[in-house]
Every structure is written in structure tokens, then in C-alpha cells.
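Please walk me through this structure.

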Amino acid sequence: MTATNRRRPLAFDGRLVRAELVENAAGCPATGVVTNLSDEAMIVAGAVPGVVPPWKSTILRGGRIARAARASIVDVPVDANLGGVVLDGWDWFGNRMAAFPRTTPLYISPRDVVGEVEINPWAFANDPEPRAERARFRLELNLWWAPPRTDAGLHHRHDFLEIHTQIFGRGRIQIFADGEGRDLYREISTAPGDTHDPIARVEGVRDFRYPWHRGWTDEDCIWMAIEFHPLAA
Ligand SMILES: [Fe+2]
């Protein structure tokens, strides 16, 4: 019999942001932004049970996860001095990427390698004509922090599938027709508790096309990256 409610702290659990992973959740109490990190529905306990679809999220305040194969629970209990989160083992992103603008205040948390998952990447990306092909991916999580009105950097290449859960503050994902950031044609609002739909076009199980996109913060923001890194066949 598999043990229920196997919980562990995530790599970015810290003094200002509490973060844990629960697997095989069954009646698991939760407070914070809860993300369904599985290909199965997550059920929220209640007089009328709630359903959180795969790779989507919700906010629970003293609620219970009735059932989930795997979920993250991320909470900001106190928001005073929240910018100090970057002093809790985080790194300025410019230290990781030489080409990153030298004055952009975007910070990255420690990374958690959750494990391997098998998904159909076309189905994951809501492709209207999914191929019947599944593949294995390494699931990795990290947090980002930026102050209000930060342009987190326009980019269009990833060798992985990505989505994001907003943990704190309101922001947007902005999508551009060009790489100079002049022609914005789409915005996805991000509020705490939201996980946006994938923006990737899946061309092969290890081949993803992205439009030019960037994160934009309207407020002090913390968001969680959810990345699927393709594994060799
Ligand atoms: Fe991206």
C-alpha cells in the first residue's frame, strides 16, 4: 500500500515563503497557493467537492486536498519586507546569464527537481490536433521575484515546456510579434492562485516553439516556474 500525504519541503522553502510538496494527498490540510502537479484531477474537500484540473491551481485557506497525485503548497504568511526573500539563498538572474540586462531586478530561488513525469506534450499544450505520443520529462520548479514594473526579459527560446503559477502580486505575461518589444499583441493576466495555459506550440516531443514573451510585474511579484525538461527516449 502506498503511503498517503507524503510531504517534504521544496528547495525554495524559506523564511518568507513556505513551500512544500505533497504526493498521494488524501485529506491533506493546506493553506496557500496549491498547484496540481499531476496529469490527474485534484479534488478539493468541501460540502461540494471542487475539481482542479491537471497543471492548474487554486488558493486554499485552511482547506483540505481530498485527493491529488502530487501538489505543491506555497504560501507567503507575512508580506512585510517580502523583497528580502532574495537574501534567503536566492540569486540575481544576471549572475546566471551574461546577456541579461545589468539593471533588471529579477531574482531566482533555489531549484527543486521534483522527479519524472510522463505526459502527452500536445495534450498538455491544449493542441487541437494532439499526436498520440507520450514522453518522459524531468519536472523542475523554482520561484522568481521582481519588484513592481519589472520587465523580466523578452525571450522566445526554451528547450523545455514551461508554465507558471502566480504566488504573490499581480502581473502579466506579455506576448510580442517582434523581438524588440514594440508589437505587443497578447497579454495573460496573472493573479495569485492562477496558473496560465501553456503558450508553447509543440512540434515534437522535444521540440517546442514559443512566441516572443516576457513576464511583467504590476506589483511586487513572486511566481513559480513549472518546467518539463525532455528526457532521452
Ligand atoms: Fe519563458
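Serine 57 counts as buried because it has 28 C-beta neighbours inside 10 Å. A residue is buried if 20 or more other C-beta atoms lie within 10 Å of its own, exposed if 12 or fewer, and partly exposed in between, with C-beta atoms placed from the backbone. This is a predicted model, in which local features need pLDDT of at least 70, side-chain atom pairs count only at pLDDT 80 or more, and totals for chains, interfaces and linings use all residues. Residues are numbered from 1 along each chain as its sequence is written.

Serine 57 is found in strand E6. Helices (H or I, at least four residues) and strands (E, at least two) are DSSP runs, numbered from the N terminus. Leaving aside neighbours within four places in sequence, serine 57 is in contact with Val33, Val34, Thr35, Asn36, Val52, Thr165, Gly193, Asp194 and Thr195. Contact here means that the C-beta atoms of two residues, placed from the backbone, lie within 7 Å. Alanine 146 is 89 residues from serine 57 in sequence, and their C-alpha atoms are 21 Å apart in space.

Now take the whole chain. It is divided into domain 1 (6-75) and domain 2 (82-230), with bounds from an automatic or database domain assignment. The domain centres, taken over C-alpha atoms, are separated by 20 Å. Domain 1 brings 19 residues to the contact, and domain 2 brings 25 residues. On the domain 1 side, strand E3 (28-36) and strand E6 (57-75) each supply at least two residues. E6 gives the most to that side, with five residues. By class, the side of domain 1 that touches domain 2 has eleven nonpolar, five polar and three charged residues. Ala, Val, Leu, Ile, Met, Phe, Trp, Tyr, Cys and Pro count as nonpolar, Asp, Glu, Lys and Arg as charged, and the others, Gly among them, as polar.

What lies between the domains? The largest nonpolar core has 50 residues, and it lies between the two domains because both give residues to it. Such a core is a set of buried Ala, Val, Leu, Ile, Met, Phe, Trp, Tyr and Cys residues joined through C-beta atoms within 7 Å. Ile65, Ala71 and Ile222 have the most contacts inside this core. Elements that each supply at least two core residues include E2, strand E4 (42-44), helix H1 (121-124) and strand E11 (161-168). Isoleucine 65 touches Val22, Ala25, Cys28, Ala30, Val34, Met42, Val44 and Ala71, not counting residues up to four places away in sequence.

Next, the strand pairing. Strands of a sheet pair through backbone hydrogen bonds, either parallel or antiparallel. Two strands pair if DSSP finds at least two bridges between them. Strand E8 (residues 107-108) and strand E10 (residues 135-146) are antiparallel, over two bridges. There, isoleucine 108 has tryptophan 144 of E10 as its bridge partner. Strand E9 (residues 112-119) also pairs with E10 in the antiparallel sense, over seven bridges. Valine 113 stands opposite glutamate 140 in E10. Glutamate 140 also stands opposite glutamate 227 in E17. Ten bridges join E10 and strand E17 (residues 221-230), again antiparallel.

Strand E12 (residues 171-176) runs antiparallel to E16, and six bridges join them. Arginine 172 has tryptophan 216 in E16 as its bridge partner.

Leucine 10 sits in the loop between strand E1 (6-9) and strand E2 (18-25). Leucine 10 is buried, because 23 other C-beta atoms lie within 10 Å. Its contacts beyond four places in sequence are Ala19, Glu20, Leu21, Ser72, Asp112 and Leu141.

Most residues other than glycine have a negative phi. Asparagine 5 has a positive phi of about 50° although it is not a glycine. Asparagine 5 lies in the segment before E1 and counts as partly exposed, with 14 C-beta neighbours inside 10 Å. Tryptophan 55 also has a positive phi, near 60°. Tryptophan 55 lies in the loop between strand E5 (50-52) and E6. Is tryptophan 55 buried or exposed? Tryptophan 55 is buried, with 22 other C-beta atoms within 10 Å.
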